[in-house]
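Trainee: Please take a close look at one part for me, the interface between the two chains. I would like the contacts and the cut-offs behind them.

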Amino acid sequence: MKRVLMICAIITVLTTVGIVWVLFSESYTFFQHVSIWDFLTDTKWSPVSTEKHFGILPLLSGTLLTTIISMAIAVPMGVTIAIYLSEYAPKKFRYYIKPMLEILASVPTVVYGFFALTVVTPFLQNYIPNLSGFNALSAGLVMGIMIIPMISSLSEDALYAVPKSLREGAYGMGSTRLQTSFQVILPAASSGIIVSIILAFARAVGETMIVTVAAGNMANLTADPRETVATITAFIVNMSTGDVPQDSIEYQTIFAAGVTLFVFTFILNSISFLIKKRFQEKYD
Amino acid sequence: MEKLSIKEKKLEAINLDVYYGQKQVLKNVNIAIKANTVTAFIGPSGCGKSTFLRTFNRMNDYVEGFRKEGDIIIDGKDIYQKMVRVEELRKKVGMVFQKPNPFPKTIFENVAYGLKIQGIKNKKLIEETVEKSLKQSALWDEVKDDLKKSALSLSGGQQQRLCIARALALEPSILLMDEPASALDPISTSKIEDLIWELKEKYTIVIVTHNMQQAGRISDNTAFFYMGDLVEYDETKTIFTNPKQERTQNYITGRFG
Ligand SMILES: Nc1ncnc2c1ncn2[C@@H]1O[C@H](COP(=O)(O)OP(=O)(O)OP(=O)(O)O)[C@@H](O)[C@H]1O
Ligand SMILES: [Mg+2]
C-alpha cells in the first residue's frame with residue numbers, strides 16, 4: 001500500500017516536471033526566432049497574419065483587464081460576505097448559506113461563459129451603447145461572481161480563526177460590533193484574507209472558458225472594458241483548436257504564452273505561500 | 001465587616017441568580033463592594049467566579065442561554081436596564097482577561113484604541129493618554145522607544161501590562177481582572193500585583209484568583225464561592241485567619257497544605 005501511495009506521488013511530480021519541461025523547451029525554440037525583448041515590448045500580437053508580430057502585451061493587457069474587473073467585484077463582495085457570515089449571521093443561516101455559496105463555485109465555467117455572452121452582454125448593451133458583442137466587461141463581471149465564493153470561503157475561515165479572546169478584548173473596551181469587526185477582527189485576519197485574494201487573482205488570471213466564450217479573441221492593447229480582447233488563456237485555446245502545423249513558429253507561440261502565464265501564476269502563488277507562512281508563525 | 005452606606009457602594013449584586021440554559025451557576029448572590037478597594041474572588045474551578053465577574057460589564061450577554069434574575073447595581077444604577085448602552089458601561093468598567101489579548105497592532109495603537117473608537121482625534125490628547133496609561137501600568141520605561149513595534153513582540157508579562165494600560169486609557173472607575181497573572185512568570189506576576197496595589201488609589205478593583213497567597217497579599221476583602229454560592233465575604237485577613245464557615249476554612253487550608 002505504501003508503494004502505491006508513493007507511486008501516485010511520483011507520477012504527480014513527474015507529470016509536473018514533464019509539463020514544465022515541455023513548456024520551457026518549446027518556448028526555447030520560440031525565443032530563438034523572436035527575441036525576448038520584442039516579445040515583451042512589441043505592442044502587437046498577430047502570429048497568424050501575414051505581417052507577424054509577437055508582442056505579448058496585448059494578451060497580458062486583456063488578461064489583466066478581465067482579471068481586474070473580476071477582482072473589483074469579487075474582493076468587496078467576498079470580504080463583505082465573509083464578515084457577515086463570521087460576525088453577524090446567526091449560526092443557522094451560516095450553516096445553510098455556506099454550502100450554497102460553494103455551489104456557485106462548482107458551476108462549470110463554460111456555463112458562466114455563455115451566461116456572460118447571452119445574458120449579461122445584451123443586458124449591459126441597453127445601458128452601454130458602444131459595448132461590443134464580445135467584451136472584457138461582461139466576462140470580467142461574471143468571472144468576479146464565480147470567484148466570490150473562493151474569497152468569501154477562505155476569508156471567512158481566516159476571520160473565524162481569530163481567537164475569541166481578541167473579540168472579548170474589543171467588546172470589553174466598549175467597541176460596538178461594527179468596530180470590533182472592522183478594527184480588530186479584520187486586521188487580525190488580514191494575512192489570511194490577502195492570501196485568499198491572491199489565490200483568487202491567480203484563479204482569475206488562469207480562468208479560460210469564460211473569457212474565451214465572452215471576451216472574444218482579438219489581441220488588443222487596450223484598457224477599455226467595452227472592447228473585445230484576448231487573454232493569454234483564450235489565445236491558447238483558440239490556437240490549439242485551430243489548424244496550425246506543429247513545429248511551426250505559430251504553434252510555438254502557444255508555449256511562449258503558456259510560459260508567461262506559468263511565471264505569472266507561479267509568482268502569485270509564491271507570494272501567497274510566503275504570507276501564509278508568516279501568518280502561521282504569528283498565531284502559534 | 002463594616003456596613004456600607006448607599007453612597008459608599010460602588011458595585012452591588014442583589015439576589016443574583018444566573019443560569020446557562022437549564023443550569024444554575026450562581027445562586028442568590030448578594031455582595032456590596034466599596035469604592036477604591038481590591039476585592040478578591042476565590043473558590044474552586046467552576047464555582048462561578050468568572051461568570052459573576054462578567055455580570056458587572058455584561059460580557060455574558062454574548063453567551064448562548066445566559067439568563068439572570070436579580071440586579072447588578074453600579075454607582076446606584078441597575079446596569080441591566082434596557083436604556084443602558086453596554087458600550088458606555090464597558091468604558092466605565094474595564095476588564096483584563098486571563099490570557100493577555102493585545103490586538104495585532106502596534107503598542108501605541110493598542111493603548112490608543114479605546115480613544116479612537118470613541119471618535120477622539122486630538123493627537124496630542126491621544127499621545128498624552130497613551131503615555132499616562134503606560135506609566136500607570138508600569139510599562140512605559142520598557143516600551144517608550146518601541147511604541148511603533150507590534151504588541152505581539154512583547155513578552156507575556158509585558159502584554160498583560162499593556163492590556164491593563166489599554167483598559168486604563170479609557171479612565172474607567174472599575175477594573176475587573178480575571179486571573180490576570182495566571183499565565184505569567186513570578187517576576188511578571190509580582191509586577192502586576194504591585195501595580196494593582198497602586199491602582200486602587202484611583203480604581204475599584206475586583207480580581208479573580210486561584211492563588212491564595214496572591215489574594216492575601218493584594219486584596220482588602222475576599223469573597224469565597226463554592227458551587228454557585230457566595231459562602232463567605234469578609235475582610236481578607238478575617239477570611240484567611242479566622243473564617244466563620246467551615247467550607248472556607250477547608251478550602252483555604254487545603255490549598256496551603
Ligand atoms: N458559556 C458557557 N455555557 C455554558 N456553561 C458555562 C459557560 N461558561 C461557564 N459555564 C459553566 O458555568 C459554571 C461556572 O463557570 P465559571 O467559568 O464562572 O467558573 P470559574 O469559577 O470562573 O472557574 P475557573 O476557576 O475554572 O475559571 C461552570 O460549571 C461552567 O461549566
Ligand atoms: Mg474563571
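Mentor: Two salt bridges are counted between chain A and chain B; the term means a side-chain nitrogen of Lys or Arg within 4 Å of a carboxyl oxygen of Asp or Glu. In one salt bridge the side chains of A:E168 and B:R54 meet, at 2.9 Å from N to O. This is a predicted model: local features need pLDDT of at least 70, side-chain atom pairs count only at pLDDT 80 or more, and totals for chains, interfaces and linings use all residues. Side-chain values use heavy atoms, with hydrogens and water left out; residues are numbered from 1 along each chain as its sequence is written, and chains are lettered from A in the order in which they are written.

Polar contacts come next. Five residue pairs across the interface of chain A and chain B are in polar contact, both residues at pLDDT 80 or more. Such a contact is a pair of N or O atoms within 3.5 Å; within protein, one must be able to donate a hydrogen and the other to accept it, and residues adjacent in sequence count only if both atoms are side-chain atoms.

Now the side of chain A that touches chain B. The elements giving two or more residues to that side are α7 (164-172), α8 (177-188) and α12 (249-283) of chain A. Helices are DSSP runs (H or I, at least four residues), numbered from the N terminus. The largest share, seven residues, comes from α7(A).

Overall, 19 residues of chain A are in contact (heavy atoms within 4.5 Å) with 21 residues of chain B.
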